[in-house]
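Here's a quick tour of one protein model, written for someone meeting structures like this for the first time. Keep the 3D view open and find each spot as we get to it.

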Amino acid sequence: MERLNKTNSVSEFILLGLSSRPEDQKPLFILFLIIYLITITGNVLIILAIHSDPQLHTPMYVFLSVLSFTDIWYTTNIVPRMLVNFLSEKKTISYAGCLTQMYFTYVLGNTDSFILAAMAYDRYVAICDPFHYVIIMSHRRCVLLVAFSCSLPHFHSLLHILLLNQLTFCNSNVVHHFFCDINPLLKLSCSSVFVNDLTIKTEGLVFWVTPFLCIVFSYVRILIAVLRIPSAAGKRKAFSTCGSHFTVVILFYGGIFYVYLQPLSSYTVWNRVATLVYTVLSSMLNPFIYSLRNRDMKRGLRKLLGRRKS
């Protein structure tokens with residue numbers, strides 16, 4: 001913070017949010033409060049169902065419980081601040097608070113990305129090499145995959161925060177976004193952002209694209225294997241196993257690539273909409289996608305809710 005006082009005249013940022021019209025604030029507050037409560041409730045139920053049902057203590061559902069846990073904090077890092085700003089005339093966040101929010105947004109978002117890749121690898125092994133599944137997806141390997149997915153994003157996030165902290169913000173402090181994201185902040189800087197932009201397009205791209213390519217590779221191999229299954233029932237079972245996960249992947253990565261693969265100068269309101277998809281909406285929809293299209297999860301949830309009633 002000492003460096004901040006010496007080099008930046010900006011000590012706080014104003015988050016404009018999704019709309020600057022006063023009449024929109026209360027409806028948006030109600031909408032996102034409902035979304036937040038649904039997200040927390042749905043993901044907590046997924047975690048409890050997996051924890052309480054021994055038949056769900058498999059690598060796929062362990063990864064799903066980690067994904068749900070991450071989504072709870074991913075949403076909590078963003079939505080409560082939005083809710084406060086909807087009802088507040090002073091929509092400010094401190095410089096340190098802004099960097100902290102950005103740090104955890106990237107840590108949790110990248111953890112989601114790596115967990116999705118681990119889930120795709122698990123489905124690939126289960127369908128393409130079922131006889132060696134227990135050996136390949138051992139407890140030790142699952143622990144390593146989760147540990148890797150949760151630890152590596154911290155280095156990625158720290159790099160971008162340290163680079164951002166080298167910039168000088170001496171003009172406007174109005175952020176055209178509903179949370180502290182790197183691209184709208186770079187547009188406010190009055191010093192060169194060449195290194196930051198280059199890092200996003202190189203290290204950042206590799207960090208996002210690598211797990212995505214792992215997912216694509218896994219699903220290409222899965223598709224080839226499924227097409228070789230002679231029975232229609234076998235094909236339906238394989239597709240139903242992977243369909244929910246693939247839906248989540250499309251929602252999550254579609255928004256990310258739309259936002260971060262565009263030039264910095266072309267950042268528009270549509271970027272905010274795309275950001276909503278991969279931060280808030282995907283975290284809310286994940287429990288529905290995985291439970292409605294998965295018989296094992298539906299059985300686990302029925303057992304959990306039945307136990308609570310009794």
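Helix α5 passes α7 in a right-handed crossing. Keep in mind that this is a predicted model. The two helices, α5 (residues 95–128) and α7 (residues 139–164), pack at an angle of about 145 degrees, and their axes are 8 Å apart. The residues of that contact split into 18 nonpolar, 6 polar and 1 charged.

- Take helix α3, which covers residues 59–76 and has 18 residues. From its first C-alpha to its last it reaches 26 Å, close to the 26 Å expected at 1.5 Å a residue.
- Of those 18 residues in α3, 14 are buried, so the helix is largely enclosed by the rest of the structure.
- Now look at helix α4 (residues 79–86), where the buried residues are Val 79, Met 82, Leu 83, Asn 85 and Phe 86. They span an arc of only 165 degrees around the axis, so they sit on the same side of α4.

**Aromatic pairs**

- How many aromatic pairs does the structure hold? There are 18 of them.
- Tyr 95 and Phe 169 make an edge-to-face pair, with 6.3 Å centre to centre and 65 degrees between the planes. This pair ties together distant parts of the chain: Tyr 95 is in helix α5, while Phe 169 is in the loop between α7 and β3 (174–175), 74 residues apart.
- Are these two buried or exposed? Tyr 95 counts as buried because its relative accessibility is 2%, under the 20% cut-off. Phe 169 is buried too, with a relative accessible area of 1%.
- Another pair, Tyr 121 with Tyr 124, is tilted: 6.3 Å centre to centre, with 40 degrees between the planes.
- Why are Tyr 121 and Tyr 124 separated by about one helical turn? It's because they are 3 residues apart in helix α5. As a rule, an α-helix has 3.6 residues a turn, so residues three or four places apart point the same way.
- Tyr 121 counts as partly exposed, at 29% relative accessibility. Tyr 124, with a relative accessible area of 18%, is buried.

**An aromatic cluster**

- Which residues form one aromatic cluster? Look for Trp 208, Phe 212, Phe 252, Tyr 253, Phe 257 and Tyr 278.

- Val 249 is found in helix α10 (residues 232–260). With a relative accessible area of 3%, Val 249 is buried.

Key: Residues are numbered from 1 along each chain as its sequence is written. This is a predicted model: local features need pLDDT of at least 70, side-chain atom pairs count only at pLDDT 80 or more; totals for chains, interfaces and linings use all residues. Side-chain values use heavy atoms; hydrogens and water are left out. Helices (H or I, at least four residues) and strands (E, at least two) are DSSP runs, numbered from the N terminus. The expected span of a helix is 1.5 Å times one less than its number of residues. Buried means under 20% relative accessible area, exposed over 50%, partly exposed in between (1.4 Å probe, protein chains only). The arc is that of the directions from the helix axis to the C-beta atoms. Axes are lines fitted to C-alpha atoms, for helices over the stretch in contact, and angles run from 0 to 180 degrees between N-to-C directions. A crossing is left-handed if the near helix is turned anticlockwise from the far one by less than a right angle, and right-handed if clockwise. Ala, Val, Leu, Ile, Met, Phe, Trp, Tyr, Cys and Pro count as nonpolar, Asp, Glu, Lys and Arg as charged, and the others, Gly among them, as polar. Rings of Phe, Tyr and Trp (its six-membered ring) pair if their centres lie within 6.5 Å; planes under 30 degrees apart count as stacked, over 60 as edge-to-face and the rest as tilted.
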